[in-house]
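Here is a short report on one chain. Sequence and structure come first, then the notes.

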Amino acid sequence: MLTNIGIPGLILVLVIALIIFGPSKLPEIGRAFGTTLKEFKSATSDLVNGNDQEKSTSRDESQPLTAVEKDNQHTGS
């Protein structure tokens, strides 16, 4: 999608953004977009790395389930 824009289209988008938001708001918008992108990248890398670590440290998946079931039986209703 973004590969079809090209340089003239990108310049047009930037000019329209400058007209709509003005020169004082563009740095704030760019900063907010940058921090949002940074947080998104770190969250996705945490999810990917967390899943890899969880698989390597997990010995037997049925063992934690039985421990939870035992705890639920002792609480009573």
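## Fold

The chain has three helices and zero strands. From the N terminus, the order of elements is α-α-α. The model is a predicted one.

## Confidence

Mean pLDDT for the chain is 76. Of its residues, 61% reach 70 or more. Confidence is highest in helix α1, at a mean of 89. It is lowest in helix α3 (residues 62-75), where the mean is 54. Where pLDDT is low, the predicted coordinates should not be read in detail.

## Surface and burial

The chain counts 77 residues, and 3% of them are buried. Its accessible surface comes to about 7300 Å². Carbon and sulfur atoms account for 64% of that surface.

## Helix α1

Helix α1 covers residues 6-21. Its 16 residues should span 22 Å at 1.5 Å a residue.

Gly 22 follows α1. The phi of Gly 22 is positive, near 85°.

## Nonpolar patch

Five side chains make up a nonpolar patch on the surface: Leu 12, Ile 16, Ile 20, Phe 21 and Ile 29. Together they have about 480 Å² of accessible area. Helix α1 gives the most to this patch, with four residues.

Phe 21 is one of the patch residues and lies in helix α1. Its relative accessible area is 45%, so Phe 21 is partly exposed. Patch residues need over 30% relative accessible area, and the 45% of Phe 21 is over that cut-off.

## Salt bridge

The count for the chain is one salt bridge. Lys 25 forms it with Glu 28. The closest N and O atoms of this pair are 3.9 Å apart. The cut-off for a salt bridge is within 4 Å.

How values were computed
Residues numbered from 1 in each chain as written. Predicted model: local features only at pLDDT ≥ 70, side-chain atom pairs only at ≥ 80, totals over all residues. Heavy atoms only, no water. Helix = DSSP H or I, 4+ residues; strand = E, 2+ residues; numbered from the N terminus. Buried < 20%, exposed > 50% of the residue type's maximum accessible area, 1.4 Å probe, protein only. Areas by Shrake-Rupley, 256 points an atom, 1.4 Å probe, with all protein chains shown as cover. Patch = residues over 30% accessible without salt bridge, like charges linked within 9 Å, V, L, I, M, F, W, Y side chains within 5 Å. Expected span 1.5 Å × (residues − 1). pLDDT = per-residue confidence, 0-100.
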